[in-house]
Amino acid sequence: MANALPFTIIRNDITKLTVDAIVNAANTQLQMGGGVCGAIFAAAGAKRLQDACDALAPIKTGEAVATPGFGLPAKHIIHTAGPVYRDGTHGEEALLRSCYINSLELAMKHDCESIAFPLISSGIYGYPKAEALRVATDAIRDFIGEHDIIVSLVVFDKAAFEAGEELLGAVSSYIDEHYVEKRRDFRRRLLDYDEYVPPRDKKLSRGMPQPLTVRETAMEATTAYRVEAALDDIVGNLDESFTSALLRLIDAKGKIDAEVYRRANIDRRLFSKIRGNNNYAPSKPTVLAFAVALELTLAQTEDLLGRAGFALSHSRKFDVIIEYFIANRKYDIFRINEVLFSYDQPLLGG
């Protein structure tokens, strides 16, 4: 599992994952149930697993206990009882958070380096999926900020996953406005009409030069200034490597390494490789993860990408989504990854 994302969302069958522990969304009596619980019992060997659970039952809502994985690829099964959702005012969030934290702490006690969770309480227990996802993400993020463990949140299919509607709506609008592929067919249809000629082009077609408007003159002057300023900033620094630029930015931001790689969803071992190799060639998601963790501007992000041989493009949906978050100074990498997952895009980190 070296260099895996510390926290990732995947679409898979949790019973088939080769991890140190999987989590069973159990009932307080630890009896075989339906859904994910039933699938785990069946794959592990229902009789043996039920016997092991009977010796530990009952448990309280929010508590966690461990049994062997038996017939599963996972070494351990951690059973936790999620809350039944009533209306959100009966301590459901605190109980749900306890499920994740207690499961993670128990995994650490069993020397687990990797663990996979279902989205607890989001099935027949009725917890709204978007809220269940937020609680899960916040709990996992807080825990891995202090511990080295690789965490996967597993969903069976996309229908079982919902990021916040407000956030997805804002991102969708940004994609509609900036994503080249979405606009290309519309532009082609417009240009098929003979009468569609921009007003300026009509005058230029007769050889008459058209003066720039006041707004256009100001825009050209601003662009020229920005280009000149950007060139001044990088002259003499053109050959700086990605690693050197990254370490310089960390120092300039007054941050420590651990804070940055955890905020970037970067594995500690990968960060050590980057720090120790001035010629390290990162992936694009890794570079962008550092840009988010360091809260860089779009211009600074483009510069860091350039050090690794990449650039943002409006012809790639992945790039447009990242651009939305950076342009709007939304630097929560876990929320970004939720949206990327919703659009079937690679997740940030490394």
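Trainee: Is K47 buried or exposed in this predicted model?
Mentor: Let's take the number and then the cut-off. K47 has a relative accessible area of 60%. Exposed means over 50%, so K47 counts as exposed.

Trainee: Which residue forms a salt bridge with D51?
Mentor: Look in helix α2 (residues 46–54), about one helical turn away from D51. The partner sits 4 residues apart from D51, and the closest N and O atoms of the pair are 2.7 Å apart. That partner is K47.

Trainee: Are α14 and α15 roughly parallel or antiparallel to each other?
Mentor: Start with the axes, which come within 11 Å and cross at roughly 150 degrees. Angles over 145 degrees count as roughly antiparallel. The two helices, α14 and α15, are therefore roughly antiparallel.

Trainee: What are the residues in the contact of α14 with α15, by class?
Mentor: From α14 you have F318, I321, I322 and F325, and from α15 there are R335, I336, V339 and L340. Sort them and you get 7 nonpolar, no polar and 1 charged.

Trainee: Is R335 buried or exposed?
Mentor: R335 meets E338 in a salt bridge (2.8 Å, N to O). The relative accessible area of R335 is 18%. Buried means under 20%, so R335 is buried.

Technical notes
Residues are numbered from 1 along each chain as its sequence is written. This is a predicted model: local features need pLDDT of at least 70, side-chain atom pairs count only at pLDDT 80 or more; totals for chains, interfaces and linings use all residues. Side-chain values use heavy atoms; hydrogens and water are left out. Axes are lines fitted to C-alpha atoms, for helices over the stretch in contact, and angles run from 0 to 180 degrees between N-to-C directions. Angles under 35 degrees count as roughly parallel, over 145 as roughly antiparallel, 65 to 115 as roughly perpendicular and the rest as oblique. Contact means heavy atoms within 4.5 Å. Ala, Val, Leu, Ile, Met, Phe, Trp, Tyr, Cys and Pro count as nonpolar, Asp, Glu, Lys and Arg as charged, and the others, Gly among them, as polar. A salt bridge is a side-chain nitrogen of Lys or Arg within 4 Å of a carboxyl oxygen of Asp or Glu. Buried means under 20% relative accessible area, exposed over 50%, partly exposed in between (1.4 Å probe, protein chains only).
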